[in-house]
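Colleague: Please take one part of this model and look at it closely. I would like the aromatic pairs, and then whatever surrounds them.

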Amino acid sequence: MADAAIDSLDIAILGAVLVGSGIYWFKDKLLGSSSSPKTSIAKQPLVPMQKPNAPALKINKIAKKTRDFVEKMKETDKTVIFFYGSQTGTAEDYAARLAKEGTQRYNLKTMTADLEDYDMNLLDTLPADHLAVFVLATYGEGEPTDNAVDFWEHLVSGEDVPEFSVGDYEDADKPLSHLHFVMFGLGNKTYEHYNSVCRRVDEKLQALGATRIGERGEGDDDGSLEEDFLSWKDDMWKAACDFLGIDFLAGNSGPRQATYKIQEHTPEEVEGLKKVYYGEHQEPKFMLGSRPTYDSKNPYSAPIAVSRELFAVSANRHCLHMEVDISGSGITYQAGDHIAVWPVNAEHEVNKLATVLRIADKLDTVLTVSNTDPASTKLPFPVPTTYRTILRNYVDITAPPSRAFIGQLTPFAPTGAASKLFALWGQDKEAFRINVADARRSLGTVLEKILGVGQSMEIPFDLLIESIPRLQARYYSISSSAKAHPTSIHLTAVVLDYKPDVAPEETVYGLATNFLHNCHGRINQSGPVEPKYEISGPNGLHLIGETGVKIPIHVRHSNFKLPRNSALPIIMIGPGTGVAPFRGFVQDRAQDVKNGKKVGATVLFFGCRREDEDYLYKDEWPELMKDIEGAQVITAFSRQPGVPKTYVQHRMNEHKELIWDLIHKQGGYFYVCGDAKNMAREVNHKLIEIAMSVGEMSEEKAMTYVKELRGRGRYEEDVWS
């Protein structure tokens, strides 16, 4: 209905223009920013047309959201700006923590900034006595986060000397000679391109004349990220204080300064509110005559058209195949892209935390969260909303809380014993690792362990909002091809639950996969699913009839792509759910054959436990591959009765001549999807061994050869830790 309404407006406007009236009407919700968040760095937000002498209230509102961060810093008297490039919310959280610490300890005038909200070609105008801090995550195989793509393309991927705002400098090659900056990167050492985004941005800024203050910090998300961050920031503050002319030793934490303030609303006040948010991410913003763009800030509620179990034996293990309907949404994708699923927190985690924090009796109270700093305009979620919605939809209460946050709770401990434990887990790295990080305990569980079962405490709710990251989407490799399925996206996911080694009495549940399992249970009417999730969505809008359900999604485009020339051969290594993108690849190539294209050899190495239990899409491969010349699936079963454990690396060795022929002699492409820490590394080593044995290369030359395959985009990975 919404699309039809927009089309009607288009027709009305066109008719009005044709008759020369120039008059059109529009609703408030149609007055927002440009429909695409990927606005070019050099562009300003579009401003809608308006009738002569019409009230300018909404237009002024748009104009106030400036993209000139230097102007905003001047107007709000800020001297340090913290830019973040964040995919999962961690980099954003770190930027906010640093800004807060700068204000509270050193009386700095700070602000945080989302990279895509500002024109970064204005970096050359930041005063020399100001400081820019960059907190940048590396996503996937050396890629920038979604909100940093424009900045990356402008600064790193474009010209050797990008164009900035002034354009006339004493040294044309050093347009950023007045810029002083700090750099911290978030990455994962299991990936080849560890922290490449912060490294390359750091290198490019300095090449353009900027001066880095202090050492570049790098955090490893494969276990030590928080500790890397904490150990880096103290030295960083020393260097920053020295640059800013502040006595580092005089820094004083002083009393806590709240970032947000909370206002609860009476039932009478609620009746007068224009809207209360119950899980919506934001109001869709689009220009007159256009449709919303669905992305990480505005997901699309997609109906699940199909949901079925893939494991033949699924009493204890579940693997879901889901197909979500994107008809009419305008969402497009290609094989190799990722689908982002926006889950909610499990009900038992919401209720547990509410009980421990003594707010269980007011979960449905409506409240408004606002900034204590008038210059700050960004809030972590839409308001007004309710306590229940915040805990269920907006903050990540399931992830282990940070060591810093646990330490901050010490003053609020109700007993001396609890105070000692808060202080210990907040200060001692090993105690934190064992009791929180490795145990993967949620905030509610951590508080129960410290306080004791049945005990509770009160903390300022604004502190919780400030300290817990925003609940983010979880990403899955799309397991379909748009050529074969243009109106649906398929995903393949194992429902995760496990018992940590340090706490075998507890069960950790994967947030998004168990959310999807609840959706699967409703669709198939397969009985109650534990843990229980509230999947109905805001005001029940995600439920369809008696069994249908929608889930919020968006698509993240990836560089994990088939070769443009379909005649080139491909080799795919995808054990377990790592096979997901390769199902899309094979569908893509099968469709190319139907369309008369020449398609090269298509070889899939697939591994699982047993052929009769978890051989994913076993019945589909013969049909998909029957018309592709040289197509085959080579299987490896690690727990097949009566045979030795076999993994994909073993099968690679058995078929090393085939691999070498397709990759080296025929110019084929090599793809790996799955576990980064073990499987992907071993596959890489095996390919080097093949280059040595079949290609008769020295070890050094073989390593260089494989590295060059990566550099030319012929060795691609879609892996996770």
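**Aromatic pairs and their surroundings**

Modeller: Phe134 is buried, and Phe151 is buried too. Keep in mind that this is a predicted model. The two rings form a stacked aromatic pair. Their centres are 5.8 Å apart, with 5 degrees between the planes. Phe134 sits in strand E3 (residues 131-139) and Phe151 in helix H5 (residues 149-157), so the pair ties together parts that are 17 residues apart in sequence. Both rings also belong to a cluster linked by ring pairs, with Phe69, Phe83, Tyr118 and Phe181. Phe181 turns up again in a separate core of 32 residues, which also includes Leu123, Trp152 and Ala210.

Across the whole structure, the search finds 28 aromatic pairs. Another stacked one is Tyr669 with Tyr671: 6.4 Å centre to centre, 20 degrees between the planes. Both tyrosines are buried.

Strand E23 covers 669-675. The sheet is open, with 5 strands in the order E22-E21-E20-E23-E24 and parallel pairing. Its edges are strand E22 (632-637) and strand E24 (715-720), each pairing on one side only. From one strand to the next, the twist averages 10 degrees. Strand E21 (residues 602-608) is joined to E22 by 6 bridges. There, Val603 stands opposite Gln632. Helix H21 (residues 676-693) lies across E23, E24 and strand E20 (570-573). Against E23, H21 runs at about 155 degrees.

Helix H17 (residues 580-594) is worth a look as well. Of its 15 residues, 12 are buried, so H17 is largely enclosed by the rest of the structure. The buried ones include Phe582, Phe585 and Val586, but also Arg583, Asp588 and Arg589. H17 reaches 22 Å from its first C-alpha to its last, close to the 21 Å expected. Gly596 follows, with a positive phi near 90 degrees.

Last, the largest nonpolar core. It has 41 residues. Leu391, Phe422, Leu447, Phe461 and Leu464 touch the most other members. Among the elements giving two or more residues are helix H10 (387-394), helix H12 (416-427) and strand E12 (366-371). Helix H14 (443-451) is another of these, and the largest share, 5 residues, comes from H14. Phe461 touches Ile262, Ile359, Leu367, Tyr387, Ile390 and Leu391, leaving aside residues up to four places away in sequence. In soluble globular proteins, nonpolar side chains tend to be buried together.

Key
Residues numbered from 1 in each chain as written. Predicted model: local features only at pLDDT ≥ 70, side-chain atom pairs only at ≥ 80, totals over all residues. Heavy atoms only, no water. Pairing = 2+ DSSP bridges. Helix = DSSP H or I, 4+ residues; strand = E, 2+ residues; numbered from the N terminus. Axes fitted to C-alpha atoms, helices over the stretch in contact; angles between N-to-C directions. Contact = heavy atoms within 4.5 Å. Core = buried A, V, L, I, M, F, W, Y, C linked by side-chain atoms within 4.5 Å. Buried < 20%, exposed > 50% of the residue type's maximum accessible area, 1.4 Å probe, protein only. Expected span 1.5 Å × (residues − 1). Phe/Tyr/Trp six-rings, centres within 6.5 Å; stacked < 30°, edge-to-face > 60°.
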